[in-house]
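Here is a quick briefing for anyone meeting this structure for the first time. Have a look at it first, then read on.

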Amino acid sequence: MENTHQAHHLPYDAEASKIGMWLFIFTELLLFGGMFIVYSVYRYLNPEAFHLAGEELNTFIGAVNTVILLVSSMTIAMSTSAIQKNDIRLTNILLGITLILAIVFLVNKYFEWGSKFAHGIYPGSQEMLSTMSQGEILFFGLYFVMTGLHALHILVGIALITWTLIELKQKKIHGEKYDLLENSGLYWHLVDLIWIFLFPLFYLIH
Amino acid sequence: MSSEKHHIVPYYVYVVILGALIVLTFASIGITSIELGSLTVAAALLFAVVKTYLVLIYFMHLKYDKPYIGIMVGAVFLLFVVVIIITFLDYLYR
């Protein structure tokens with residue numbers, strides 16, 4: 001087929017591919033950056049309420065999820081070294097570990113959000129409207145939107161890592177061509193970076 | 001296709017960086033559990049900035065890439081800082 005013939009001659013430029021990913025990451029940084037600005041303004045306007053509401057969050061589960069994301073970031077970073085050494089088996093294992101850790105993060109998030117829901121804390125909850133101050137409602141609104149958007153990025157990351165694993169199996173990724181692996185890694189580190197700020201801002205600062 | 005040889009980062013570098021990141025995480029938990037008032041926020045953010053730096057430089061390979069990528073990343077963070085300053089100039093002095 002003409003397609004396969006063409007695919008063989010597709011110009012491959014690892015650097016261009018990486019720049020494209022970085023430009024996309026910049027837009028992501030500014031997307032979350034905007035939300036951090038909203039958070040900081042509301043925190044400045046409602047210091048007491050943010051203090052109170054922050055104490056509702058479970059620091060332990062937040063810390064566990066932080067460690068999970070940091071370890072998964074390390075394993076996907078290691079996989080770029082493994083592929084450069086053409087060690088396909090180790091690349092597979094490291095990506096597999098990253099994928100499992102990503103899923104564990106989401107499972108923790110499910111239980112964390114679940115316990116909030118059980119206490120009547122969720123967007124649009126009548127209980128929140130009647131028992132909480134405006135500032136506390138703002139805190140939890142930001143909490144759900146920002147950790148929710150972050151969780152959505154975890155889902156996209158899982159899809160990207162799965163795609164990378166499939167291409168690795170099809171031998172489309174190898175020691176000479178691994179831009180998809182590298183870019184999935186960059187994306188996963190971005191997800192980690194965002195969490196590095198979400199964790200102290202929501203769980204630690206009381 | 002570029003034929004230049006890529007720098008292969010040894011595995012132990014990543015393990016050392018992960019260790020540092022985890023230590024910083026627990027240090028930030030420790031320091032925010034002490035009541036320092038507004039200093040708590042500053043301390044937590046300082047730890048987060050150091051962690052971000054480590055992730056960008058080592059995990060995201062800015063140390064091994066051509067410098068212009070790092071310069072662009074710096075420019076984006078600078079833009080963010082400028083927007084935050086302008087926003088707070090408005091809120092502090094209105």
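**Getting to know the model**

Going along its sequence, chain B runs α-α-α, where helices (H or I, at least four residues) and strands (E, at least two) are DSSP runs numbered from the N terminus. Chain B is more spread out than a compact globule, because its radius of gyration is 18 Å, well over the 12 Å that the globule rule gives for 94 residues. That radius is taken over C-alpha atoms, and the globule rule is 2.2 Å times the number of residues to the power 0.38.

Keep in mind that this is a predicted model, so local features need pLDDT of at least 70 and side-chain atom pairs count only at pLDDT 80 or more, while totals for chains, interfaces and linings use all residues. Residues are numbered from 1 along each chain as its sequence is written, chains are lettered from A and ligands numbered from 1 in the order in which they are written, and side-chain values use heavy atoms, leaving out hydrogens and water.

**Chain B on its own**

- Chain B has 3 helices and 0 strands.
- Its C-alpha atoms fill a box of roughly 55 × 30 × 10 Å along the principal axes.
- Of the 94 residues in chain B, 34% are buried (under 20% relative accessible area; exposed is over 50%, partly exposed in between, with a 1.4 Å probe and protein chains only).

**Where chains A and B meet**

- In this pairing, 49 residues of chain A are in contact with 46 residues of chain B, contact being heavy atoms within 4.5 Å.
- About 4,300 Å² is buried between chain A and chain B, and carbon and sulfur atoms give 78% of that; this is the accessible area (1.4 Å probe) that two parts lose on being put together, summed over both.
- There are 2 salt bridges between chain A and chain B, each a side-chain nitrogen of Lys or Arg within 4 Å of a carboxyl oxygen of Asp or Glu.
- K18(A) and D65(B) form a salt bridge through their side chains, at 2.4 Å from N to O.
- On the side of chain A that touches chain B, α2 (14-45), α4 (59-84) and α8 (179-204) of chain A each supply at least two residues.
- The most comes from α2(A), with 16 residues.

**A closer look at L142(A)**

- L142(A) sits in helix α7 (residues 134-169) of chain A.
- L142(A) is buried, its relative accessible area being 11%.
- Beyond its neighbours within four places in sequence, L142(A) is in contact with residues including V38(A), Y42(A) and F202(A).
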